[in-house]
Amino acid sequence: MTTTEPVPRGPRGDRTVAWAALAGHYEAHGRGLDLREAFARDPQRVRAFSLAAPEVQADLSKNLLDAATLRFLVDLARECGLEARRDALLAGAPVNATEGRAAWHAALRSTDGTRAVYRDVAAVRSAMLAYAERVRDTAASGIRDVVHIGIGGSDLGPRMAVRALDAHAHPKIRLHFVSNVDGHDLAPVLRGLRPESTLVIVASKTFTTQETIANAQAARAWFEGAGGRDVARHFVAATSNAEAARAFGIETTFGFWDWVGGRYSLWSSIGLPLAIAIGAVGFEALLAGAHAMDRHFATTPLASNLPVVLGLLDVWYRDFHRFGSRCLAPYHQGLERLPAWLQQLEMESNGKRVDLDGEPVPFATSPVVWGEPGTNAQHAYFQMLHQGTDTIPVEFVLVRRPNWRLPADAPPALREQLARQHRMLLANGLAQAQALMAGKTADEARRERVPTAAPGFDAEVLAHHRTFPGNRPSTTLILDALTPRALGALLALYEHRVFTSGAIWGINSFDQWGVELGKALSAKLLPLLEGASSGADADGLDASTAALVERLRP
Ligand code: F6P
């Protein structure tokens, strides 16, 4: 397909025969499916619901589905024309209809050199990687601190990935990330930095985003005020608006294209801080992992295509089970920012209420996605996951081999202890998934001794408090190690999964009109907060906002 051909589109999910079949199947078998019985009935269940994709193994067997569910879901994908739409996405067709653009992030990690666009991508990437290598040569560059200023997609991806790949990072360069317009974000970062050893990256696709430009101005004020010379050498930009960067005083700019959406931009020059942290070889390994997942998505039959099956499962849970949220529990501290990255990816992409024709959809779209790393999360909200009134599917991400960065002379006892702690971590993750599914009956609770219960408390009432309903679904994703390649594959998996559910819902997963209204209103409120008195300026405001402005005025 060429980028000018119309983008293929099947019927919206709810208008298919398969959707009706799924509704019937849900009533007959889905609603009442009991995981414990399903495992008892089918010794092959784990095998039947395990999938392998590049770098990621998935156990889906603890989900509320059976072979028929999967069959109907795959029928749904076919009937919605998912394969043709996927091919259009990967070929760079303008799938982002409202903005008339492609969403061609896969081109950023392609190894195909046949089209001009791939050659452009490769040229910008090699310039960016060569620059990163020069910065990494700390003896020559003198750079010890890199401050990355960006927000949304220009922050979440690199921030998350730099944290995740700490074990692979340059030992002498500290990376800092600033996103919030709130000066409480920037101020602590600037403390202790020296202008001559600091590089500031201003990352903004548009170079007009209020928060980023304000922080860049503040960073420049700090730089000049602290005796820094040569803004042009110490400030660089990752942007598709080179002109605006130049007007700011930045001469070194790494560009990208309008078809790179903010939340898909880690793979572009927005990934510069990551390239500085892990080097060109590491960055290319990240891209290679993502590309391997792109190939899996493009070529694997739907029923064993991991992003497709996960996306379909999301539709099953959201529209048939009506689960409102999904919890992400990465059991690796390095993945602590993965939930935040996924929130933007999924909720900005699929938090839509009209379809591609602008018609309101009569079904639910994006779930709320949230989470924290295990085991911390266990000591915060897992109580609700186990015994609360809502069923919330949980996604565990387990990493088989740890790879922390320790000093070369770290004592063996420390290494052994940390290795043991990694086994504790995995045991905890597995146990949570097990507990969610198995639960605990009132009988089991009655038989237990409970030394922490109040003396004399009614044993029967206590058993009710200590019962777990179980049958709560979870998915377990396993990576062998958190390498750049594995991380690339995992992130691309999520991108394609979100595309899949969006395609079934018939929505545009690539625009984000919903962020605009607040931006416009804040531009009108700012002068009211800056002005000496409210007076007539506040006219037209609702009474609540006007009163709040009054209270907040300096
Ligand atoms: O919040 C809206 C948004 O447009 C995101 O989609 C994007 O990632 C972010 O703002 C940052 O935009 P920019 O890179 O242009 O500064």
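Modeller: I will speak of contact where heavy atoms lie within 4.5 Å of each other. What you see is a predicted model, in which local features need pLDDT of at least 70 and side-chain atom pairs count only at pLDDT 80 or more, while totals for chains, interfaces and linings use all residues. Residues are numbered from 1 along each chain as its sequence is written, and side-chain values use heavy atoms, with hydrogens and water left out.

If we set aside neighbours within four places in sequence, Tyr264 is in contact with His105, Leu108, Leu345, Ser349, Glu495, Ser509 and Phe510. Tyr264 counts as buried because its relative accessibility is 2%, where buried means under 20% relative accessible area, exposed over 50% and partly exposed in between, using a 1.4 Å probe and protein chains only. Its side chain is also joined to that of Ser349 by a polar contact of 3.0 Å. Such a contact is a pair of N or O atoms within 3.5 Å; within protein, one must be able to donate a hydrogen and the other to accept it, and residues adjacent in sequence count only if both atoms are side-chain atoms.

One of the partners of Tyr264 is Glu495, which belongs to helix α20 (residues 484-505). Glu495 has a relative accessible area of 2% and is therefore buried, and its side chain makes a polar contact of 2.8 Å with the side chain of Arg109. Apart from neighbours within four places in sequence, the contacts of Glu495 are His105, Arg109, Tyr264, Trp267 and Leu345.

The axes are lines fitted to C-alpha atoms, for helices over the stretch in contact, and the angles run from 0 to 180 degrees between N-to-C directions. The crossing of α5 and α20 is right-handed; a crossing is left-handed if the near helix is turned anticlockwise from the far one by less than a right angle, and right-handed if clockwise. On the α5 side the contact is made by Leu82, Arg85, Arg86, Leu89 and Leu90, and on the α20 side by His496, Phe499, Thr500 and Ala503. Sorted by class, the contact of α5 with α20 has five nonpolar, two polar and two charged residues, with Ala, Val, Leu, Ile, Met, Phe, Trp, Tyr, Cys and Pro counted as nonpolar, Asp, Glu, Lys and Arg as charged, and the others, Gly among them, as polar.

The axes of α13 (residues 272-299) and helix α8 (residues 156-164) come within 8 Å and cross at roughly 15°, so α8 and α13 are roughly parallel. Their crossing is left-handed, and in it Pro158, Ala161 and Val162 of α8 meet Pro273, Leu274 and Ala277 of α13. By class, the residues of this contact are six nonpolar, no polar and no charged.

Two backbone details are worth a look in other loops. Most residues other than glycine have a negative phi, and most peptide bonds are trans. Phe207, in the loop between β5 (198-203) and α10 (210-225), has a positive phi near 55°, and Phe207 is buried because its relative accessible area is 6%. The peptide bond from Gly374 to Thr375 is cis, with omega near 10°, and Thr375 is found in the loop between β9 (368-371) and α16 (382-387).

A last stop is Asp182, in the loop between β4 (174-178) and α9 (183-190). With a relative accessibility of 32%, Asp182 counts as partly exposed, and its side chain makes a polar contact of 2.5 Å with that of His184.

Conventions:
Helix = DSSP H or I, 4+ residues; strand = E, 2+ residues; numbered from the N terminus. Parallel < 35°, antiparallel > 145°, perpendicular 65-115°, else oblique.
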